[in-house]
Amino acid sequence: MHSTFMLDQSFEPSEVQSVAMDVTQLARAHGRTVFRAAFRVLNDVGRAEDVQQALFLGLLEKPPSAERWSRIDQPAAYLTVIATRLAIDELRRNRRWRFFGIGEEAGIEDAALQPPQIRERAQQAEHLRRALVRLPRRQAQCFALRVFANSELDQIADQLSMTVNAVSVTLNRATHSLQRLLQTDPQGSQERS
Amino acid sequence: MNSNSNNQTLNSAIESIMDHEPPTGAVDKAQARLLDRLAAESTTAAPSRPIWGLATAAALAILILPMVLLLPGPGNGVAFAQVQSYFSGFSTLRAELTTLMNDEVIVDMVARVDESDRARVEVTGQFTIIVDPLLGQMLQLEQQGSRARLMEWDAQSADSGEGALDWLEDIREFQGEAQRIVAVEQIRGQEAIGFELLISGQAMTLWATEEGRPLQLIIQSGTERSAGDQPFQVVTQVDFHFDEPMDADLFSLTPPTGYILED
């Protein structure tokens, strides 16, 4: 487990009062949802599990303030947003250490044994992940929260401490950048050293 | 390629990701391990953290502090423990951070922390951010436009680093051993001993005085290739200055004269 650092960026400190929150109950109810959200972005079981554990351990260690928690009426959506955001950061962080070779990613490797249609879809997914890590961080976060976590603009704005207008502009930029990257460099070859 | 085709390619990729399910059994195994972990953790008292460990965008550079605190595991020796103690026991800290790409400065930043854990970060020619964690407020000053914004401080805004300082997170992840460097260097006129850290192939060196006072952190980002396929070297240098007198005005949340306060 190496993801403790992520917690500081994702939860407000409970400086004054912590809400009485049963983290274990939350984990029972939404742990699988969180794992799936992280896996979608990372396509890596181990790293998705890291994100999942980091998120709930973070809640255990530093629960949101009572005021903030009282504003969260859909815990599953909230946790999905956090998980997606952590996963995007993890994806970006890993970029620098990882040599992207064809077939290295589990998805493509596994798909190599699959019918062509499934293989093609796995490659499409992996190319989008590679393109995502090449975006500026804010663009990657906004896009992932909007598309993978199905968040509304105001939710993204709240989560990322941005204005709704800024989220909208950032999303547009992200979309255009991704379209361009997928067309001009679909395999993310410029990412390789 | 027209925009419809671009859209189609992107949408198709999105669908592929959304449809991609984890391997059979992976979700349940992860869930079981999560519940085990929570059960184990809940019986252990949560460790206390320094207030600046709470992080803010303005204090990203200052995150060096709690991160370095987490650096060494057992067996790193007394010398490094002394280095750590400076990060936890200072009264004020000034950290000068410079990032060079092929010897050209691309980021030039000064971060200050005072005794009350107030933080001020200045990026030369761009902006200044002042955070008062006790008041829960942050002042942003845009230097070129002389515009100021005062806002509620939120730990979430710590994530606006746009990746430029991702290496800080990597340091924090480090659980390995800090290797003492045999050679002695002169850093700012002082004899310095060094500790090497290697994180996923990225070399980091922390220099400190014989007494353990940290002087400098060097991060080598290695040779990468830019979009134009030209190799480049990125080096980040952080110089530490402890316990200097600091003017309280540096941490004032009142915009300086000439700045326009925006809503």
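Chain B has a mean pLDDT of 70, with 62% of its residues at 70 or more.

Residues are numbered from 1 along each chain as its sequence is written, while chains are lettered from A and ligands numbered from 1 in the order in which they are written. As this is a predicted model, local features need pLDDT of at least 70 and side-chain atom pairs count only at pLDDT 80 or more, whereas totals for chains, interfaces and linings use all residues.

For chain A the average pLDDT is 74, and 72% of the residues score at least 70. Helices (H or I, at least four residues) and strands (E, at least two) are DSSP runs, numbered from the N terminus. Within chain A, the highest confidence is found in helix α2 (residues 23–42), with a mean of 91, and the lowest in helix α1 (residues 5–8), with a mean of 32. The pLDDT is below 50 over residues 1–20 of chain A, a stretch with 56 contacts in the model beyond near neighbours in sequence. It is likewise below 50 over residues 96–109 of chain A, where 24 such contacts are present. For the complex, the predictor gives an ipTM of 0.75 and a pTM of 0.47.

The secondary structure of chain B consists of five helices and twelve strands. Of the contacts in chain B with a separation of 6 or more, 51% are between residues 24 or more positions apart. Of its 263 residues, 32% count as buried; a residue is buried if 20 or more other C-beta atoms lie within 10 Å of its own, exposed if 12 or fewer, and partly exposed in between, with C-beta atoms placed from the backbone.

Several strands of chain B are paired, a pair requiring at least two bridges found by DSSP between the strands. Strands β1 (residues 93–101) and β2 (residues 104–113) of chain B are antiparallel and share nine bridges. L100(B) lies opposite V105(B) of β2(B). Two residues separate the strands of this hairpin, and N102(B) adopts a positive phi near 50 degrees. β2(B) also pairs in the antiparallel sense with strand β3 (residues 119–123) of chain B, over five bridges, and here A111(B) stands opposite V121(B). The hairpin of β2(B) and β3(B) has five residues between the strands, with a positive phi of about 65 degrees at D117(B) in the turn.

A further antiparallel pair is formed by strands β5 (residues 137–142) and β6 (residues 147–152) of chain B, with six bridges. E142(B) is opposite R147(B) of β6(B). Four residues lie between β5(B) and β6(B) in their hairpin, and S146(B) in the turn has a positive phi of about 50 degrees. β6(B) is joined in parallel by three bridges to strand β12 (residues 260–262) of chain B, in which I260(B) is the bridge partner of R147(B).

A nonpolar core is a set of buried Ala, Val, Leu, Ile, Met, Phe, Trp, Tyr and Cys residues joined through C-beta atoms within 7 Å. The largest such core has 57 residues, of which A38(A), L55(A), A83(A), A87(A), L132(A) and A144(A) touch the most other members. Beyond its neighbours within four places in sequence, L55(A) contacts V34(A), L79(A), I82(A), A83(A) and L86(A). A second, separate core comprises 26 residues, including M138(B), F195(B), L206(B) and L215(B).

Helix α8 (residues 137–147) of chain A is largely enclosed by the rest of the structure, because ten of its eleven residues are buried. Among them are Q139(A), C142(A), F143(A) and A144(A). Q139(A) lies 8.6 Å from T175(A), C-alpha to C-alpha, at a sequence separation of 36 residues. T175(A) belongs to helix α10 (residues 164–184) of chain A and counts as partly exposed because it has 18 C-beta neighbours inside 10 Å.

In helix α9 (residues 153–160) of chain A, the buried residues are I156(A), A157(A), Q159(A) and L160(A). These residues are on the same side of α9(A), because they cover an arc of only 165 degrees around the axis, the arc being that of the directions from the helix axis to the C-beta atoms. S161(A), which follows α9(A), has a positive phi near 55 degrees.

Key: pLDDT = per-residue confidence, 0-100. Contact = placed C-beta atoms within 7 Å.
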